[in-house]
Each structure stands twice: as C-alpha cells, then as structure tokens.
Amino acid sequence: MRYRIILLSTSFLLAMSPAPAADHVWIVGGGPALGSSQAQIELNVNWVIQVLHGSPGTRQLHVYYTDGNALGKDVVLWQPPRESKETLQPLARVFNEANANGESYYSHQIPHVVGGTEASVLKPGLEKEFSALKPGDRALLIYNGHGLQDSRDAAGNTLRLWNNTSLSVRELDQIMNRIDPSVPVRFVFTQCFSGGFERLVHPRAQDTLERGEASRCGFFAESEDREAEGCSASVKIGDYRDYSTFFFAALQGHMRTGELIEVDPDHNGDGMVSLHEAHLFALAQGQNADLPRSTSEVFLERWQPWYLRWVGTGAEPDNVYGKIAREVARKNGLPEAGPALVHEMRDRRQALAKAMDSLQDEQASLDKEIGALRSTIKKEVAARWPEALAPYTLNFSNFLKKDLAAAQDFILAHPRYAELVTKQDRRAALDEEVLHVDRDITQLDKILRLRTLARLQSQFARHATAKEREWYGRLMSCEGQGL
Amino acid sequence: MPWKRKSKSRRKSKKRLALLPFILTPPAVYAVHVLLLFLLDSAWGDGLMLHQYLNESRGVLTRQLASDGWRALPVFYAASLLLWFEVRLLSRFLHLRGVVSAAVAGAVTGRLLAFLLIGKSNAVVIPYMISGLLMAAVLGWIAHPPVARKRR
C-alpha cells in the first residue's frame with residue numbers, strides 16, 4: 001500500500017512538472033515528383049539521420065519525405081543500362097530514351113517518416129509541431145530537395161514539395177512565427193536558390209539588416225539567385241558531393257563514403273563542432289559547384305556601408321575567412337595571397353571560361369548531330385515496323401512480341417548506329433566535363449568571396465554600431481551551437 | 001516699369017545659374033569617385049566590380065551602385081559645404097586664393113576625414129583624398145575665377 005502511494009504521488013508529480021527541454025530536428029526531403037526525386041536525396045537524408053543518431057545527446061526527429069508512408073513509388077534511381085538487346089538499349093538510343101532506360105523506381109526507405117511533403121500535409125504538420133515548442137527547446141530544420149527562384153523577390157523563393165506543390169520563404173516565416181521567440185531555430189537549406197531563405201531571420205522576411213525578435217540562424221548551399229550542384233540520380237555514392245555532404249561530414253567526423261576527414265573542423269578547439277564550424281569546413285573542403293553562405297555572412301554583406309564598398313579590395317586580413325581563402329587557393333594550386341593570386345585567378349578564369357564555351361559549343365553541335373542521326377535511323381525503322389511509333393497501343397504490344405528482336409538487329413547492323421552510340425556517349429561525358437569546369441570556376445568565386453568576407457569582418461569590427469554588433473552577436477551565438 | 005521687372009528676372013536667373021555648380025559638383029565628383037574606385041579595384045585590388053559585372057548579376061550591381069549613390073550624395077553635398085567654407089576662410093584669413101590652394105586644402109581635408117573615419121591604408125584614403133581635391137578645386141574656381149576670365 002505504501003509503495004502504491006509513493007508510486008502514485010511520484011507519477012502525479014511527474015505529470016505536474018513541466019516536460020524537460022528537448023532538441024527537435026525536422027528533416028524535409030525528396031523531390032516534387034517521381035522523376036526529380038533522386039536516389040541521392042534519399043541517400044543523403046538517410047545519412048543525415050545516421051549523423052543525428054550518432055551525435056551526443058538526444059533529439060526528437062520529425063521526418064517528412066515525398067509521399068510520406070503511401071505505398072506508391074517515389075524515388076528514381078539511375079544506373080547506366082547495359083548495352084544489349086535484353087535491356088532494349090539499341091531501341092532506346094534511337095527513340096531518345098537512352099537516359100530514361102537506366103531509371104528504376106521504388107518506394108523510399110527512410111525511417112521514422114511522419115508524413116509527406118505535399119504542402120497541404122507539411123504546412124499544418126509544421127504549424128502544429130512548431131506551436132508545441134516551449135522555452136528551453138531547440139529546433140533544427142534541414143531541407144534536402146529542390147528549390148525554385150522568384151527573380152523579383154527573394155522572399156518568394158520556394159521549396160519544391162511533393163506533388164508539385166511549394167512552400168515560399170514568406171509562408172515558412174509565418175509558420176515559424178508560431179515558435180516561442182526564445183527557442184533557437186537553426187536551419188540548413190541545400191537546394192537551388194536557397195539563399196532566399198536567409199530572409200527568415202528578418203522581420204516579415206523583408207530585405208533589411210534588422211533582425212527579428214526570434215532567435216533564428218541558418219546555412220545555405222547557395223545564394224538567392226544561383227543553382228546548387230545538381231542532384232544526380234546516379235547510385236555512385238561519391239558522385240554526389242554537395243554542401244550538405246561536407247557540412248554533415250564535419251559534424252560526424254567522416255565523409256558519407258566512410259573515409260575519415262583529414263582536417264579538424266573544430267576551429268576554436270572546444271572539443272565540439274558547432275554548426276558554424278561545420279559550415280566553415282564545408283567552405284574550405286567542398287570541391288563542388290556550391291557557393292555556400294551562412295546568415296552571419298549575408299548579414300556582413302548586407303551591412304557594408306557605401307563608404308566602405310569597393311574600397312581597398314586588395315587587403316588580406318588574417319582572420320578566419322582570410323585563412324580559409326588561403327587554404328582554398330593552396331588546394332587549387334594557386335598562390336595563397338597577394339597580386340600573384342589575383343593575376344593567376346584572372347588567367348585561370350579566362351582559361352576556364354574558354355573551356356566552358358568550347359564544351360557548350362560541342363554540346364550544341366552534338367545535340368544537332370545526334371538528332372539528325374536518330375532521325376535517319378528512326379525513319380528506316382519506322383518504314384519497316386510502323387507499329388514501333390505508337391506506344392500504349394495493341395500494335396506496339398504486337399511489335400514487342402514479334403518484331404523486337406528483328407528491329408534491334410536492324411538497328412545494331414545499321415551503318416550509322418556505331419556513330420550514334422559514340423556521339424551519345426560523348427554527349428553524356430560532356431555533361432560531366434561541364435560540371436568539373438563549373439566546380440573549378442566556383443572555387444575561384446569562393447576565394448574571391450572569402451577574401452571579401454575577411455575584409456568585411458575586419459571592417460565590421462571597426463565601423464559597426466552597438467545595435468549592429470548586437471544583431472551580429474546574436475546570429476553568431478545561434479550559429480555557434482552544436483547539433 | 002517693364003525694364004525693372006526685366007532686370008529683376010535677369011538677376012534671378014543669374015543667381016540660379018550661380019547655384020548650378022553647387023548642385024552639380026557633388027554628384028559629378030561622386031561619379032569620378034566611383035570611377036576611381038573601379039580603377040583602383042581593377043589595378044590593385046581583387047577586381048570585384050569587373051567580376052560582378054562580368055560574372056554575377058548586373059542587376060544587383062546596378063541596384064547597389066544606385067542605392068550607394070543615394071546614400072553617398074547627402075554626404076558629398078555636406079562635404080561640399082565644408083569645403084566651400086574652407087575655401088572662403090583660406091582666402092579671407094590667409095589670402096590663399098585660387099584653384100591650387102583650394103585643391104590642396106580639399107585633398108588634405110579628404111585625407112584627414114578618410115583617415116579618421118574610414119581607414120588608415122592608402123587604398124582607403126586615396127580615393128577620398130582625390131575626391132576632396134577635385135571638389136575643392138571646382139569650388140575654388142567658383143569662388144575666385146581666374147583673372148583673365150574676370151577681365152573679359
């Protein structure tokens with residue numbers, strides 16, 4: 001009886017006392033439709049979940065992914081198709097379906113999914129969960145998917161959600177307004193034009209320097225008007241190395257591919273890697289086409305007064321950004337600083353721009369040649385087997401049953417088929433080459449941006465007002481938190 | 001008396017004409033200032049202006065230049081007032097008249113203000129020094145036109 005009373009009073013006290021503060025993480029991921037919901041996004045989301053589970057402390061996960069727990073297929077995986085009659089590759093090459101022929105579809109394998117990302121599901125879900133946050137909690141929102149730009153107003157940039165729905169910066173700001181202002185809200189956006197979501201730290205998502213009452217900060221793979229490194233549907237795990245790949249590698253201590261990271265991301269040596277330090281690691285190590293930024297960096301850029309703009313652009317302050325600029329320059333085989341670096345960068349940019357132009361010219365001319373070749377072979381196939389031109393019909397079904405082998409033999413024996421294969425393969429390789437050149441150009445852009453940030457940081461230290469220092473300090477303290 | 005009315009309006013239009021250099025000088029000097037920054041940035045800096053023009057959004061660059069100009073102009077007008085007083089004081093108390101002495105005073109003022117308010121390096125100080133020099137030279141020319149012009 002005594003035990004029962006103790007048990008009852010303990011449970012009563014527990015029920016009356018406020019729930020302990022908790023860390024909440026929202027992961028929103030996937031594409032807007034099957035064709036653009038690449039397997040790499042799924043791999044990345046799964047990896048982020050692993051990183052979160054492997055990090056010290058406990059946190060409550062809220063995962064929203066494509067169609068939620070519906071049974072339909074919502075992920076596309078691309079693998080290069082075998083060159084054989086069994087895979088229909090000869091037919092696919094002539095009928096312009098060579099790329100689609102490598103695709104396969106399946107339902108996602110993400111654990112703990114609470115719902116889909118369709119706007120009508122995601123918005124009320126986030127509203128409800130955000131409203132439940134209380135002082136002492138911490139929130140982290142991670143988006144891994146695609147984005148769209150509103151060229152007239154960055155607050156109109158959107159997340160592309162399942163079923164071709166969307167969520168704009170302004171809408172997300174309104175949803176986030178339900179969170180208690182004392183709750184730190186951090187976000188990581190990795191999509192194209194993600195920089196537009198920097199507006200979330202300003203009142204009513206306006207284009208101002210002023211900070212809102214809420215404690216918000218974030219990290220973005222790109223600016224508000226640049227595309228992020230494209231999502232590949234390829235299964236090759238090393239192919240996909242966007243901003244989040246490096247960001248979460250810093251937090252976990254090893255890359256997604258399993259190899260240990262060589263550079264210690266813990267800049268201040270406090271034994272913990274903060275989100276800001278993870279961002280700096282991604283800046284320094286990311287050899288990709290992303291030009292990432294954090295809210296504190298955008299704040300500095302927006303802060304710069306007219307009388308400091310374009311002034312003394314050759315100065316090289318020795319702060320954290322200056323050091324990373326030198327590191328990136330060194331990694332890219334450039335002089336670390338001084339006029340030599342500037343001249344070398346100009347020369348290299350010219351060479352890369354020339355290379356890009358010639359690759360794009362080759363792409364354009366190859367597209368024409370491939371079109372002509374396909375059309376020639378297709379005409380001859382159609383003359384013999386007109387049924388092949390009408391998919392989704394009985395004729396087509398009969399063609400597949402009776403004439404497929406003969407038609408593919410005809411294609412394989414066609415005198416111009418080998419030329420078509422060579423040109424199509426070269427065209428696919430060109431995409432890869434363009435990406436490499438784009439990555440190299442982005443490294444030059446990154447060095448310039450880091451040098452600018454280094455100067456901005458030192459100008460801010462001298463010229464900022466007390467209010468501006470307070471805003472910046474709040475951003476830095478929010479970004480400086482760990483997972 | 002129509003001849004009186006005529007002379008009054010003439011005086012008025014003369015006054016307006018005399019004000020014109022005071023209105024036009026600050027924006028013109030600011031334009032030269034931006035050009036100077038561009039030259040310094042291209043020759044000794046990272047070449048950010050050219051980079052932004054060639055490789056980034058030209059719209060953003062244009063908007064930035066316009067918004068900077070809007071903020072800079074009141075300061076350039078205020079500086080022109082300061083320099084005008086300087087030019088007048090110099091001629092009254094030190095009898096230093098003419099374009100050259102005004103230009104020297106403007107350069108010193110520009111250098112001093114930039115040194116105190118903006119930064120110490122030459123890259124920071126030089127554009128403001130040259131802007132001060134130009135503005136004061138124009139104002140010196142207005143205050144004390146060359147003798148040959150006066151005789152005519």
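Lys467(A) forms a salt bridge with Glu470(A), the closest N and O atoms being 3.2 Å apart, where a salt bridge is a side-chain nitrogen of Lys or Arg within 4 Å of a carboxyl oxygen of Asp or Glu. Both residues of this pair, Lys467(A) and Glu470(A), belong to helix H13 (residues 466-479) of chain A, where they are three residues apart, about one turn of the helix. Helices (H or I, at least four residues) and strands (E, at least two) are DSSP runs, numbered from the N terminus.

The model is a predicted one, in which local features need pLDDT of at least 70 and side-chain atom pairs count only at pLDDT 80 or more, while totals for chains, interfaces and linings use all residues. Residues are numbered from 1 along each chain as its sequence is written, chains are lettered from A and ligands numbered from 1 in the order in which they are written, and side-chain values use heavy atoms, with hydrogens and water left out.

## Other salt bridges

Side chains of opposite charge can pair when their charged atoms come close. Over all chains, a search of the whole structure finds 31 salt bridges. One of them joins Arg302(A) and Glu198(A), whose side chains meet at 3.2 Å, N to O. This pair links distant parts of the chain, since Arg302(A) is in helix H8 (residues 295-303) of chain A and Glu198(A) is in the loop between strand S9 (185-189) and strand S10 (216-220) of chain A, 104 residues apart. Arg302(A) is partly exposed at 24% relative accessibility, whereas Glu198(A) is buried at 2%.

Asp137(A) and Lys134(A) also form a salt bridge, with 3.3 Å between the closest N and O atoms. Asp137(A) is buried, with a relative accessible area of 1%, while Lys134(A) counts as partly exposed at 27%. Elsewhere, Glu222(A), Arg226(A), Arg349(A) and Asp445(A) are linked in a network of salt bridges.

## Chain A as a whole

Chain A has 13 helices and 11 strands, and its C-alpha trace spans about 85 × 80 × 45 Å along its principal axes. Of the 483 residues in chain A, 53% are buried. Among contacts in chain A (heavy atoms within 4.5 Å) between residues at least 6 apart in sequence, 78% join residues at least 24 apart.

## Where the chains meet

The size of an interface is often given as the accessible area lost when the parts come together. Chain B and chain A bury about 2100 Å² between them, 57% of it on carbon and sulfur atoms; buried area is the accessible area (1.4 Å probe) that two parts lose on being put together, summed over both. In chain B, Asp46(B), Leu48(B) and Ile118(B) lose the most area to chain A, together 29% of what that side buries.

In terms of contacts, 31 residues of chain B touch 20 residues of chain A. Three salt bridges are found across the interface of chain B and chain A, and the side chains of Asp46(B) and Arg451(A) meet in a salt bridge of 2.8 Å, N to O.

## Cavities

The structure holds three cavities of 30 Å³ or more. On a 1 Å grid over the protein atoms alone, a cavity is a set of points where a 1.4 Å probe fits but cannot get out, and lining residues have an atom within 4 Å of a point; grid points are joined across faces, edges and corners, and a volume is the space filled by probe spheres set on the points. The largest cavity has a volume of about 60 Å³, and its lining includes Trp306(A), Arg309(A), Tyr30(B) and Asp68(B). H1(B) gives the largest share of this lining, four residues.

The second largest cavity has a volume of about 50 Å³, and among the residues that line this cavity are Glu316(A), Arg326(A) and Arg451(A).

Terms used:
1 Å grid on protein atoms, 1.4 Å probe; cavity = no way out; pocket = protein on both sides within 12 Å on 5 of 7 lines; lining within 4 Å. Buried < 20%, exposed > 50% of the residue type's maximum accessible area, 1.4 Å probe, protein only.
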